[in-house]
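I opened a new notebook page for this structure.

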Amino acid sequence: MVGGGGMRGAYPAGMLDALDSIGLRDAVDEVYGASSGSFLAACFAAGHAGGAAASFPEDLASRAFVDLRRLAGRRPVLSLDHLLDHVLGVTKPMPWAALLASPLRVRIVATAVDDLRPRVLGGLTDPESWRRGLRASAAIPLFAGPAVEHQGRRWVDGSIGEPLALARAVRGGATHVLVLLSRPTAELRLDVGVRMPWWARALDRCIPGLGTLSQGEGRYGADLALVTDLEHPERRGALLAAIEPYTGTGTGALTVDPGPVGDAVRVGRESALAALASDAVPYR
(Lines give C-alpha, C1' and ligand atoms only; values in the text may rest on other atoms or scores of the structure.)
Protein backbone atom coordinates (compact mmCIF):
# COMPACT_ATOMS: atom_id res chain seq x y z
CA MET A 1 0.00 0.00 0.00
CA VAL A 2 1.91 3.04 -1.26
CA GLY A 3 1.07 6.55 -0.08
CA GLY A 4 1.24 9.48 -2.47
CA GLY A 5 0.79 13.23 -2.28
CA GLY A 6 2.84 14.89 -5.01
CA MET A 7 6.45 15.40 -3.96
CA ARG A 8 5.71 13.76 -0.59
CA GLY A 9 5.95 10.54 -2.57
CA ALA A 10 9.71 10.89 -2.05
CA TYR A 11 9.31 9.22 1.36
CA PRO A 12 7.64 6.00 0.14
CA ALA A 13 9.95 6.07 -2.90
CA GLY A 14 12.87 5.64 -0.51
CA MET A 15 10.97 2.94 1.39
CA LEU A 16 10.30 0.92 -1.75
CA ASP A 17 13.91 1.28 -2.83
CA ALA A 18 14.94 -0.15 0.54
CA LEU A 19 12.51 -3.07 0.28
CA ASP A 20 13.77 -3.87 -3.21
CA SER A 21 17.43 -3.56 -2.24
CA ILE A 22 17.10 -6.24 0.46
CA GLY A 23 15.24 -8.64 -1.81
CA LEU A 24 11.69 -8.27 -0.52
CA ARG A 25 10.01 -7.50 -3.85
CA ASP A 26 9.54 -11.21 -4.54
CA ALA A 27 7.71 -11.56 -1.22
CA VAL A 28 4.97 -9.13 -2.32
CA ASP A 29 1.89 -10.50 -4.10
CA GLU A 30 0.20 -7.22 -4.96
CA VAL A 31 0.71 -3.52 -4.47
CA TYR A 32 -1.85 -0.70 -4.44
CA GLY A 33 -1.16 2.91 -5.27
CA ALA A 34 -2.97 6.16 -6.01
CA SER A 35 -1.68 9.53 -7.18
CA SER A 36 2.14 9.53 -7.03
CA GLY A 37 1.80 6.21 -5.23
CA SER A 38 0.57 4.63 -8.47
CA PHE A 39 3.78 5.66 -10.25
CA LEU A 40 5.82 4.20 -7.39
CA ALA A 41 3.80 0.96 -7.29
CA ALA A 42 4.32 0.40 -11.01
CA CYS A 43 8.04 1.12 -10.79
CA PHE A 44 8.43 -1.25 -7.84
CA ALA A 45 6.71 -4.09 -9.72
CA ALA A 46 8.95 -3.45 -12.74
CA GLY A 47 12.16 -3.59 -10.68
CA HIS A 48 12.59 0.15 -11.18
CA ALA A 49 12.33 1.30 -7.54
CA GLY A 50 15.83 2.76 -7.55
CA GLY A 51 15.11 4.85 -10.63
CA ALA A 52 11.83 6.07 -9.17
CA ALA A 53 13.53 7.11 -5.93
CA ALA A 54 16.32 8.92 -7.78
CA SER A 55 13.83 10.74 -10.00
CA PHE A 56 12.43 12.77 -7.10
CA PRO A 57 15.51 14.92 -6.35
CA GLU A 58 17.03 14.61 -9.85
CA ASP A 59 14.03 15.14 -12.13
CA LEU A 60 10.84 16.04 -10.25
CA ALA A 61 12.17 18.65 -7.81
CA SER A 62 12.19 21.23 -10.59
CA ARG A 63 10.07 23.88 -12.26
CA ALA A 64 9.69 21.49 -15.19
CA PHE A 65 7.44 19.36 -12.98
CA VAL A 66 6.08 21.79 -10.37
CA ASP A 67 5.41 25.43 -11.16
CA LEU A 68 2.66 27.51 -9.55
CA ARG A 69 3.17 30.19 -12.20
CA ARG A 70 1.39 27.97 -14.71
CA LEU A 71 -1.89 28.84 -13.01
CA ALA A 72 -1.68 32.28 -14.59
CA GLY A 73 -1.98 30.61 -17.99
CA ARG A 74 -4.59 28.13 -16.75
CA ARG A 75 -2.13 25.27 -17.08
CA PRO A 76 -1.68 22.51 -14.45
CA VAL A 77 0.73 23.21 -11.61
CA LEU A 78 2.07 19.65 -11.87
CA SER A 79 3.18 18.49 -15.31
CA LEU A 80 2.26 14.84 -15.72
CA ASP A 81 3.69 15.11 -19.23
CA HIS A 82 7.10 15.73 -17.66
CA LEU A 83 6.75 12.65 -15.46
CA LEU A 84 5.28 10.24 -18.00
CA ASP A 85 7.08 11.38 -21.16
CA HIS A 86 10.39 12.87 -20.04
CA VAL A 87 11.21 11.03 -16.81
CA LEU A 88 9.75 7.59 -17.59
CA GLY A 89 10.67 7.95 -21.26
CA VAL A 90 14.11 9.59 -21.20
CA THR A 91 15.95 10.19 -17.92
CA LYS A 92 14.70 7.16 -15.94
CA PRO A 93 13.15 4.94 -18.64
CA MET A 94 10.43 2.65 -17.35
CA PRO A 95 11.06 -1.00 -18.27
CA TRP A 96 7.53 -1.51 -19.55
CA ALA A 97 8.20 -5.10 -20.63
CA ALA A 98 9.28 -5.96 -17.09
CA LEU A 99 6.14 -4.35 -15.68
CA LEU A 100 3.89 -6.28 -18.06
CA ALA A 101 5.67 -9.54 -17.24
CA SER A 102 5.85 -8.97 -13.47
CA PRO A 103 4.08 -11.57 -11.31
CA LEU A 104 3.47 -8.78 -8.78
CA ARG A 105 -0.06 -7.51 -9.35
CA VAL A 106 -0.32 -3.72 -9.43
CA ARG A 107 -3.65 -2.18 -8.45
CA ILE A 108 -3.94 1.41 -9.66
CA VAL A 109 -6.69 3.33 -7.86
CA ALA A 110 -8.50 6.23 -9.53
CA THR A 111 -11.66 8.15 -8.66
CA ALA A 112 -14.60 8.20 -11.10
CA VAL A 113 -15.75 11.73 -11.90
CA ASP A 114 -19.44 10.82 -12.06
CA ASP A 115 -19.73 9.69 -8.43
CA LEU A 116 -16.33 10.52 -6.86
CA ARG A 117 -15.94 6.90 -5.78
CA PRO A 118 -12.61 5.06 -6.05
CA ARG A 119 -12.07 1.97 -8.16
CA VAL A 120 -9.15 -0.13 -9.35
CA LEU A 121 -8.50 0.53 -13.02
CA GLY A 122 -8.71 -2.39 -15.40
CA GLY A 123 -7.52 -2.76 -18.96
CA LEU A 124 -3.86 -1.91 -18.31
CA THR A 125 -2.37 -4.27 -20.87
CA ASP A 126 0.30 -2.30 -22.74
CA PRO A 127 2.59 0.71 -22.15
CA GLU A 128 0.09 3.19 -23.60
CA SER A 129 -2.78 2.03 -21.37
CA TRP A 130 -0.44 2.03 -18.38
CA ARG A 131 0.58 5.63 -19.06
CA ARG A 132 -3.09 6.53 -19.33
CA GLY A 133 -3.87 4.71 -16.07
CA LEU A 134 -1.03 6.43 -14.21
CA ARG A 135 -2.21 9.79 -15.53
CA ALA A 136 -5.81 9.05 -14.50
CA SER A 137 -4.72 8.11 -10.98
CA ALA A 138 -3.00 11.49 -10.51
CA ALA A 139 -5.15 13.90 -12.54
CA ILE A 140 -6.84 16.85 -10.83
CA PRO A 141 -8.21 19.77 -12.87
CA LEU A 142 -6.08 22.92 -12.43
CA PHE A 143 -3.63 21.07 -10.17
CA ALA A 144 -2.40 18.13 -12.27
CA GLY A 145 -4.42 18.17 -15.45
CA PRO A 146 -7.96 17.36 -16.63
CA ALA A 147 -9.87 14.17 -15.98
CA VAL A 148 -8.70 11.22 -18.08
CA GLU A 149 -10.96 9.04 -20.23
CA HIS A 150 -10.41 5.32 -19.73
CA GLN A 151 -12.74 2.43 -20.54
CA GLY A 152 -15.75 4.67 -21.03
CA ARG A 153 -15.43 6.73 -17.82
CA ARG A 154 -13.62 9.87 -16.75
CA TRP A 155 -11.16 9.57 -13.88
CA VAL A 156 -9.24 11.80 -11.47
CA ASP A 157 -6.75 11.31 -8.65
CA GLY A 158 -7.29 8.05 -6.76
CA SER A 159 -6.38 9.56 -3.41
CA ILE A 160 -9.50 11.75 -3.60
CA GLY A 161 -11.68 8.73 -2.94
CA GLU A 162 -9.16 6.44 -1.27
CA PRO A 163 -5.84 7.80 0.03
CA LEU A 164 -4.79 4.31 1.19
CA ALA A 165 -6.56 1.24 -0.17
CA LEU A 166 -6.31 -0.68 3.09
CA ALA A 167 -9.91 -1.79 3.42
CA ARG A 168 -10.02 -2.64 -0.28
CA ALA A 169 -7.00 -4.93 0.04
CA VAL A 170 -8.42 -6.70 3.07
CA ARG A 171 -11.79 -7.17 1.38
CA GLY A 172 -9.91 -8.67 -1.55
CA GLY A 173 -8.41 -11.34 0.70
CA ALA A 174 -5.10 -9.83 1.78
CA THR A 175 -3.87 -11.36 5.03
CA HIS A 176 -0.68 -9.30 5.51
CA VAL A 177 -0.73 -5.62 4.58
CA LEU A 178 2.14 -3.16 4.80
CA VAL A 179 1.38 0.56 4.41
CA LEU A 180 4.07 3.01 3.33
CA LEU A 181 3.14 6.50 4.52
CA SER A 182 4.19 9.72 2.86
CA ARG A 183 4.26 11.74 6.08
CA PRO A 184 4.71 11.06 9.80
CA THR A 185 1.50 10.12 11.59
CA ALA A 186 2.08 13.11 13.90
CA GLU A 187 1.19 15.29 10.89
CA LEU A 188 -2.02 13.38 10.14
CA ARG A 189 -5.49 13.99 11.54
CA LEU A 190 -6.85 10.61 12.48
CA ASP A 191 -10.43 11.75 13.06
CA VAL A 192 -12.93 9.30 11.59
CA GLY A 193 -16.30 10.36 10.21
CA VAL A 194 -15.57 14.10 10.06
CA ARG A 195 -17.89 15.67 7.49
CA MET A 196 -16.38 17.80 4.75
CA PRO A 197 -17.29 21.50 5.02
CA TRP A 198 -19.93 22.80 2.64
CA TRP A 199 -17.49 24.86 0.62
CA ALA A 200 -15.32 21.79 -0.11
CA ARG A 201 -18.37 19.82 -1.25
CA ALA A 202 -19.39 22.72 -3.47
CA LEU A 203 -15.89 22.92 -4.93
CA ASP A 204 -16.03 19.20 -5.74
CA ARG A 205 -19.15 19.82 -7.79
CA CYS A 206 -17.39 22.51 -9.82
CA ILE A 207 -13.95 20.91 -10.07
CA PRO A 208 -14.21 17.18 -9.29
CA GLY A 209 -11.91 16.19 -6.45
CA LEU A 210 -10.40 19.58 -5.69
CA GLY A 211 -12.58 20.17 -2.63
CA THR A 212 -11.76 16.76 -1.18
CA LEU A 213 -8.07 17.27 -1.87
CA SER A 214 -8.19 20.56 0.03
CA GLN A 215 -8.91 18.61 3.24
CA GLY A 216 -5.33 17.35 3.20
CA GLU A 217 -4.31 15.06 6.04
CA GLY A 218 -7.86 14.86 7.36
CA ARG A 219 -8.67 12.34 4.62
CA TYR A 220 -6.48 9.64 6.16
CA GLY A 221 -8.44 9.00 9.34
CA ALA A 222 -10.64 6.13 8.20
CA ASP A 223 -7.77 4.33 6.48
CA LEU A 224 -5.30 4.59 9.35
CA ALA A 225 -7.92 3.54 11.88
CA LEU A 226 -7.61 0.07 10.38
CA VAL A 227 -3.95 -0.01 11.41
CA THR A 228 -4.26 1.57 14.85
CA ASP A 229 -7.50 -0.09 16.01
CA LEU A 230 -6.84 -3.78 16.62
CA GLU A 231 -10.57 -4.41 17.09
CA HIS A 232 -11.63 -2.67 13.89
CA PRO A 233 -14.35 -4.82 12.25
CA GLU A 234 -12.87 -4.36 8.78
CA ARG A 235 -9.53 -5.91 9.73
CA ARG A 236 -11.03 -9.38 9.25
CA GLY A 237 -8.09 -11.01 10.99
CA ALA A 238 -5.49 -9.47 8.68
CA LEU A 239 -2.11 -8.41 10.02
CA LEU A 240 -1.62 -4.72 9.24
CA ALA A 241 1.45 -2.56 9.78
CA ALA A 242 2.58 0.88 8.66
CA ILE A 243 5.99 2.38 8.04
CA GLU A 244 6.12 6.14 8.51
CA PRO A 245 8.98 8.59 8.01
CA TYR A 246 10.82 8.93 11.31
CA THR A 247 11.01 12.67 10.71
CA GLY A 248 9.85 15.28 8.25
CA THR A 249 12.30 17.07 5.97
CA GLY A 250 10.17 20.05 4.98
CA THR A 251 9.05 18.31 1.79
CA GLY A 252 5.49 19.20 0.83
CA ALA A 253 3.35 18.28 -2.15
CA LEU A 254 4.84 21.08 -4.30
CA THR A 255 8.44 21.27 -3.04
CA VAL A 256 10.98 21.99 -5.79
CA ASP A 257 14.15 22.21 -3.68
CA PRO A 258 16.19 19.04 -4.38
CA GLY A 259 17.79 19.23 -0.92
CA PRO A 260 14.79 18.39 1.29
CA VAL A 261 13.37 16.11 -1.41
CA GLY A 262 16.57 14.08 -1.51
CA ASP A 263 16.52 14.02 2.30
CA ALA A 264 12.95 12.68 2.16
CA VAL A 265 14.10 9.77 -0.02
CA ARG A 266 16.91 9.05 2.44
CA VAL A 267 14.56 9.27 5.45
CA GLY A 268 12.11 6.93 3.73
CA ARG A 269 14.86 4.41 3.03
CA GLU A 270 16.21 4.58 6.58
CA SER A 271 12.71 4.38 8.08
CA ALA A 272 11.92 1.20 6.15
CA LEU A 273 15.16 -0.51 7.09
CA ALA A 274 14.74 0.45 10.76
CA ALA A 275 11.12 -0.79 10.83
CA LEU A 276 12.05 -4.10 9.24
CA ALA A 277 14.79 -4.60 11.80
CA SER A 278 12.37 -4.01 14.69
CA ASP A 279 8.97 -5.21 15.85
CA ALA A 280 7.19 -2.48 13.88
CA VAL A 281 6.56 -4.99 11.07
CA PRO A 282 5.52 -8.15 12.92
CA TYR A 283 5.33 -10.43 9.88
CA ARG A 284 8.57 -9.53 8.12
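I began with a term: a nonpolar core is a set of buried Ala, Val, Leu, Ile, Met, Phe, Trp, Tyr and Cys residues joined through side-chain atoms within 4.5 Å. I also noted that the model is predicted.

Entry on the cores. I looked up the largest nonpolar core and found 62 residues in it. Phe39, Phe56 and Leu99 have the most contacts inside that core. Another core lies apart from it, with 19 residues, including Leu164 and Ala238.

Entry on Phe39. Leaving out residues up to four places away in sequence, I listed what Phe39 touches: Ala52, Ser55, Phe56, Leu60, Leu83, Leu88 and Leu134.

Entry on helices 2 and 6. I found that helix 2 (residues 36-45) packs against helix 6 at an angle of about 145°, and that their axes are 7 Å apart. On the helix 2 side I noted Ser38, Phe39 and Ala42, which meet Trp130, Leu134 and Ser137 of helix 6. I sorted this contact by class and got four nonpolar, two polar and no charged residues.

Entry on helix 6. Its twelve residues, 127-138, should span 16 Å at 1.5 Å a residue, and I found the end C-alpha atoms 17 Å apart, which agrees. At the N-terminal end, Asp126 is the cap, with a side-chain oxygen 3.1 Å from the backbone nitrogen of Glu128. Among the buried residues of helix 6 I noted Trp130, Gly133 and Leu134.

Entry on Asp59. I placed Asp59 in helix 3 (residues 49-60). Asp59 counts as buried because its relative accessible area is 10%, and the cut-off is under 20%. Its side chain makes a polar contact with the side chain of Lys92, at 2.7 Å.

Key:
Residues numbered from 1 in each chain as written. Predicted model: local features only at pLDDT ≥ 70, side-chain atom pairs only at ≥ 80, totals over all residues. Heavy atoms only, no water. Helix = DSSP H or I, 4+ residues; strand = E, 2+ residues; numbered from the N terminus. Expected span 1.5 Å × (residues − 1). Buried < 20%, exposed > 50% of the residue type's maximum accessible area, 1.4 Å probe, protein only. Polar contact = N/O pair within 3.5 Å; in protein donor to acceptor, adjacent residues only side chain to side chain. Contact = heavy atoms within 4.5 Å. Axes fitted to C-alpha atoms, helices over the stretch in contact; angles between N-to-C directions. Nonpolar A, V, L, I, M, F, W, Y, C, P; charged D, E, K, R; others polar.
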